[in-house]
Amino acid sequence: MGDFNVALVIVAAVVSVVVLFVSLYLLINYQHPDDANQAYFPKLVVVVGLTVAILSILMLPADVANRQACKRAIYNGACHLTLPMKTLWLVVYIVDAVLVFLVIPFAMFYYEGDQDKSVGKRLRTALIWVVASAVVCGLVLGILYAIVGKVDFTVRHLSSSVQTFPNSFAGFSSGQPCISPLTRQCAASTAPANSLTTWSMRATFPEYVVALATIVGSVLFTIFGGVGIACLPLGLIFSFVRRPKAVITRSQYIKEATELGKKARELKKAAEALHQEERSGSKGRKWRKNVKAVEKELLLLEDDVKALEEMYPQGEKAEATWAFTVLGYIGKLIFGVVGLVVSIAWVAHIIIYLLVDPPLSSFLNEIFVKLDSVWGLLGTAAFAFFCFYLLIAVIAGEMMLGLKLVFITIHPMKWGGTLMNSFLFNVGLILLCSISVIQFCATAFAYYAQATAAQEIFGHTLQSLRGIKYLYKYNVFQYGFVALAILTLFYYAIFGWRKRKPTGRFQLSN
């Protein structure tokens with residue numbers, strides 16, 4: 001067992017370094033050219049945030065592997081060189097909360113500040129906003145912790161009289177296991193109903209911070225994740241359905257390009273008018289609504305330009321470009337089908353394991369256990385994949401709802417075209433939802449992740465917190481997740497196969 005523990009520590013160190021390089025790779029390849037060689041502090045925050053988010057997801061499989069390293073020991077402390085998972089969980093999620101509620105807002109306020117102001121003024125403005133937010137959050141946390149920061153465990157109070165220790169154990173059997181003339185006198189099943197009682201104790205402050213952050217993340221995860229679990233694979237499949245079937249003629253290309261050029265000039269004029277309003281200080285609700293409309297139309301215009309370039313490839317390698325376009329859509333279909341299978345498996349698992357009482361089957365839990373029996377880390381890898389898939393679904397859901405709903409800001413993630421404010425927003429969303437993804441996975445895969453530090457934090461403490469436990473007792477988030485997934489499925493079944501019609505001339509609200 002010692003060799004396995006050493007290997008686990010080495011793997012954890014190597015994976016942490018690899019994750020850091022993956023975060024750097026994503027930043028370099030997704031960043032917008034306008035942010036090259038500048039905005040270094042927001043970039044540092046993005047790298048740290050992505051690293052923490054990815055490691056937090058990988059910590060649950062690591063927690064399971066850490067438990068397996070000690071599965072033949074009486075308790076985890078009896079093993080040497082195992083990872084202190086409970087401490088690591090609390091450290092990671094405190095860092096997560098600091099990044100989400102303090103560091104990322106500060107970086108966004110600074111990055112989005114008026115470029116005409118000096119660096120000192122932008123820093124001061126960002127700091128004022130963050131300090132005000134920190135004071136409000138601190139007061140809310142302190143008041144809530146003082147009033148309801150306790151956990152209530154339902155326990156059964158058992159007692160018995162003292163008996164003389166026997167000189168012989170020959171009289172004990174499965175039918176008579178107790179020191180008593182009465183059969184099964186010591187069994188808890190014979191205890192009266194009034195033996196049930198509530199054992200209350202105050203939760204630690206770090207655990208309470210993690211719990212409240214999990215609640216906020218769970219609301220966002222339920223909305224974005226429920227929509228994303230359906231729109232992620234279906235979006236890829238219907239993208240293949242709506243793909244360009246053939247290369248258009250030059251005259252068609254000129255006609256479409258001319259229309260897009262007119263649309264681009266209209267958007268430029270609208271953006272300049274909004275910029276003038278911003279400089280004059282008239283930033284009311286109408287202004288924000290118009291900004292959202294311009295952002296949406298600009299995003300759709302970029303998609304139209306990309307689609308036009310796909311339908312009429314140019315240059316010496318036009319045929320090769322068209323061939324790669326066709327292969328790209330085939331790849332979307334393949335990944336869409338695979339994703340649809342994973343999404344169906346997720347929804348089915350939630351229904352039959354979490355919503356049905358008692359569970360019909362442990363389903364994915366059994367699959368992971370069987371995969372572990374084939375090869376030690378195969379089940380752990382599959383487990384990590386299902387957790388990561390939920391996180392990707394959250395981003396897909398946020399993108400879809402951002403295009404459909406006025407009150408949700410659009411922050412697209414595009415290869416080689418992502419501005420730092422969109423990067424920071426999505427990293428904050430990932431960090432906030434990663435806590436809920438871990439809690440959700442720890443609950444959904446309770447059989448596979450049993451006896452882990454995550455189960456202790458998310459399965460016992462969180463679900464026993466006063467005032468919060470009822471959200472988990474009645475599976476509010478799970479029902480909401482499944483309901484939104486089904487509604488999104490119906491939406492795609494009705495509207496998903498249709499091509500988006502041109503919106504006509506762009507108009508701002510008066």
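**Exercise 1: A phenylalanine in a loop**

At 27% relative accessibility, phenylalanine 363 counts as partly exposed. Keep in mind that this is a predicted model.

Task: work out where phenylalanine 363 lies and what its phi is.

Solution: 
- Start with the location: Phe363 sits in the loop that links α8 (318-355) and α9 (364-374).
- Now the backbone: phi of Phe363 is positive, about 45°, even though the residue is not a glycine.
- For background, most residues other than glycine have a negative phi.

**Exercise 2: An asparagine in a loop**

Task: decide whether asparagine 475 is buried or exposed, and find its phi.

Solution: 
- Locate Asn475 in the loop between α13 (469-473) and α14 (476-496).
- Its relative accessible area is 16%. The cut-off for buried is under 20%, so Asn475 counts as buried.
- Phi of Asn475 is near 50°, a positive value in a residue that isn't glycine.

**Exercise 3: Two helices packing**

Task: describe how α5 and α11 pack, and say at what angle.

Solution: 
- Pick out the two helices: α5 covers residues 205-241 and α11 covers residues 420-444.
- Their axes are 7 Å apart and meet at an angle of about 95°.
- Angles of 65 to 115 degrees count as roughly perpendicular, so that is the word for α5 and α11.
- Next, look at who touches whom: α5 contributes residues including Val210, Ala213, Leu220 and Phe224, while α11 brings in, among others, Leu429, Leu432, Ile435 and Phe440.
- Sort the contact by class and you get 12 nonpolar, 5 polar and no charged residues.

**Exercise 4: A phenylalanine from another helix**

Task: find which residues phenylalanine 101 touches, leaving out those up to four places away in sequence.

Solution: 
- Phe101 belongs to helix α3 (residues 85-111).
- Leaving out those sequence neighbours, Phe101 touches Ala213 and Leu432. Ala213 is one of the α5 residues in the contact from Exercise 3, and Leu432 is one of those from α11.
- With a relative accessible area of 30%, Phe101 is partly exposed.
- As a distance check, Phe101 and Ser133 are 32 residues apart in sequence, and their C-alpha atoms are 7.9 Å apart in space.

**Exercise 5: Cysteines**

Task: say how many disulfides there are, then look at the burial of cysteine 231 and cysteine 387.

Solution: 
- The count is 0 disulfides.
- Cys231 is buried, at 6% relative accessibility.
- Cys387 is buried too, with a relative accessible area of 0%.

Methods: Residues are numbered from 1 along each chain as its sequence is written. This is a predicted model: local features need pLDDT of at least 70, side-chain atom pairs count only at pLDDT 80 or more; totals for chains, interfaces and linings use all residues. Side-chain values use heavy atoms; hydrogens and water are left out. A disulfide is a pair of cysteine sulfur atoms within 2.5 Å. Buried means under 20% relative accessible area, exposed over 50%, partly exposed in between (1.4 Å probe, protein chains only). Axes are lines fitted to C-alpha atoms, for helices over the stretch in contact, and angles run from 0 to 180 degrees between N-to-C directions. Helices (H or I, at least four residues) and strands (E, at least two) are DSSP runs, numbered from the N terminus. Angles under 35 degrees count as roughly parallel, over 145 as roughly antiparallel, 65 to 115 as roughly perpendicular and the rest as oblique. Contact means heavy atoms within 4.5 Å. Ala, Val, Leu, Ile, Met, Phe, Trp, Tyr, Cys and Pro count as nonpolar, Asp, Glu, Lys and Arg as charged, and the others, Gly among them, as polar.
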